[in-house]
Amino acid sequence: MAVERPNSIADDLLTRLPGSPDAYPQKIDLNTEMVLLVQFNAGAYRSASFLDDRILGPATNGAWVPVSRAAEASRLVTNARPLHFIFHTGHVGSTLVSRLLDETGEVLSLREPFPLRTLADAYDVLGRPDSLLSNAQFDLILAMFMRLWGRGYDETRSVVVKATSSAGRLAVPILSRAETSRAIYMNLRAEPYLATLLAGQNSPIDLRGHGAERMRRLQSRIAAPLAPLHTLSIGELAAMSWLAESWTQRDAVQRFAGRVIALDFDRFVSAVADSMGRILSHFGLPHDARYLSEVGRSPVLTRYSKAPEYAYTPNVRAEVLRDSRTINSEEIQKGMVWLERWAKSDNAVADIVNGADA
């Protein structure tokens, strides 16, 4: 995308920002203290699997504006809707649930807003000498995005943000600052999680890319030193990732009892209508009898949610897991042994591994 900077574009987007989701804050640059606003629309939100740079193209109309001006405009928002969240541990059906919420016709789904990643990284270093933001500045920027994410269209009864998996560590700070927001937190038990991750071609890249941050987060909770990241096999790395993200889930569910509910993806798939009814109730959305009677047959369940052009049914998922358990059996076993070893030495790990907090 060749972002244009003429004042007319920036001024137009800033003028529209308080009143319409069609002016979307796609990115924030903390170094320059600028926010990228882009033109968007309801159809684009519905089709987008990710609100990162993949939504930008040669025809995208946008402009960078100072954070201060975007924050000022955000305080004028007039069409605020209830704002809720889907947090998850990665590859556990969160995009599927988000797309099924689209089918209600009353939810504006924001899938993986890019600023959440930036804010998660910024939150990690708050209070340290290398932090670009003070606590007060972080709060102001988060409040700005919460106001802007909460804008809706006429038919929107609620906005549901689906975070990226690594941004789950923002669940506690977000929900601490937004007392009316609720969340679901999606996960899988350890063994199916490992089988799922190890089945993906790009999983090693993803696991290594997030490995350092997850290792730091996990080490802050465990007194004994963890083995260096570079010594872990791919199965052990997947297990470490599951434990780090599951511990984050545990914190959110325990701290916000009633406002955050844990949702196991295998249980969700086995009872889609009942699970969606529970989610709708949790988010304060109406229980449409026709929707619930038909949601188990939704075409969304037959496509790969992150790339709907590809077919992906529950039966295909079961085949993928069967194949992974055969092909990756050695690494899955290494990961499970790694978890069992830590469970024997740490009661909190044992609770998580044994499902006490599911």
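The legends below describe close-up views of a predicted model.

Residues are numbered from 1 along each chain as its sequence is written. Because the model is predicted, local features need pLDDT of at least 70 and side-chain atom pairs count only at pLDDT 80 or more, whereas totals for chains, interfaces and linings use all residues; side-chain values use heavy atoms, with hydrogens and water left out.

His-84 belongs to strand β4 (residues 83–88); helices (H or I, at least four residues) and strands (E, at least two) are DSSP runs, numbered from the N terminus. With a relative accessible area of 4%, His-84 is buried (buried means under 20% relative accessible area, exposed over 50%, partly exposed in between, with a 1.4 Å probe and protein chains only). A polar atom of the His-84 side chain lies 3.0 Å from the backbone nitrogen of Arg-182. The His-84 side chain also reaches the backbone oxygen of Phe-283, at 3.4 Å. These are polar contacts, that is, pairs of N or O atoms within 3.5 Å; within protein, one must be able to donate a hydrogen and the other to accept it, and residues adjacent in sequence count only if both atoms are side-chain atoms. Apart from neighbours within four places in sequence, the residues in contact with His-84 include Ser-158, Val-161, Thr-180, Arg-182 and Phe-283 (contact means heavy atoms within 4.5 Å).

Strands β1 and β2 (residues 34–39) run antiparallel and are joined by 6 bridges; two strands pair if DSSP finds at least two bridges between them. Lys-27 has Leu-36 of β2 as its bridge partner. Leu-36 in turn is the bridge partner of Trp-64 in β3. Between β2 and β3, which are also antiparallel, there are 5 bridges. The β1–β2 hairpin has 4 residues between its strands, and Glu-33 there takes a positive phi near 60°. Of the 7 residues of β1, 6 are buried. Strand β3 (residues 62–66) is largely enclosed by the rest of the structure, because 4 of its 5 residues are buried.

**View C. The largest cavity.**
The structure holds 1 cavity of 30 Å³ or more, and the largest cavity has about 40 Å³ of space. On a 1 Å grid over the protein atoms alone, a cavity is a set of points where a 1.4 Å probe fits but cannot get out, a pocket is an open set with protein on both sides within 12 Å along at least five of seven lines, and lining residues have an atom within 4 Å of a point. Grid points are joined across faces, edges and corners, and a volume is the space filled by probe spheres set on the points. Pro-21, Tyr-24, Pro-25, Tyr-45, Leu-108, Leu-110, Leu-148, Trp-149 and Arg-151 line the largest cavity. Elements giving two or more residues to this lining are β1 (23–29), β5 (107–111) and α6 (135–149). The lining comprises 8 nonpolar, no polar and 1 charged residues; Ala, Val, Leu, Ile, Met, Phe, Trp, Tyr, Cys and Pro count as nonpolar, Asp, Glu, Lys and Arg as charged, and the others, Gly among them, as polar.

**View D. The largest pocket and His-91.**
The largest pocket has a volume of about 1,400 Å³. Of its 50 lining residues, Phe-50, Gly-90, His-91, Tyr-304 and Lys-306 lie nearest the centre. Among the elements that give two or more residues to the lining are α4 (94–102), α9 (203–219) and β10 (307–311). Helix α9 gives the most, with 7 residues. By class, the lining has 20 nonpolar, 19 polar and 11 charged residues. His-91 lies in the loop between β4 and α4 and has a positive phi near 60°. His-91 counts as partly exposed, at 35% relative accessibility.

**View E. Helices α4 and α12.**
All 9 of the 9 residues of α4 are buried, so this helix is largely enclosed by the rest of the structure. In α12 (residues 272–282), the buried residues include Val-272, Met-276, Ile-279 and Leu-280. Among the elements covering the buried residues of α12 are α4, β7 (183–187) and β8 (260–264). Gly-284, with a positive phi near 70°, follows α12.

**View F. Ala-311 in strand β10.**
Ala-311 is in strand β10 and is exposed, with a relative accessible area of 53%. Not counting residues up to four places away in sequence, Ala-311 touches Thr-302, Arg-303 and Tyr-304.
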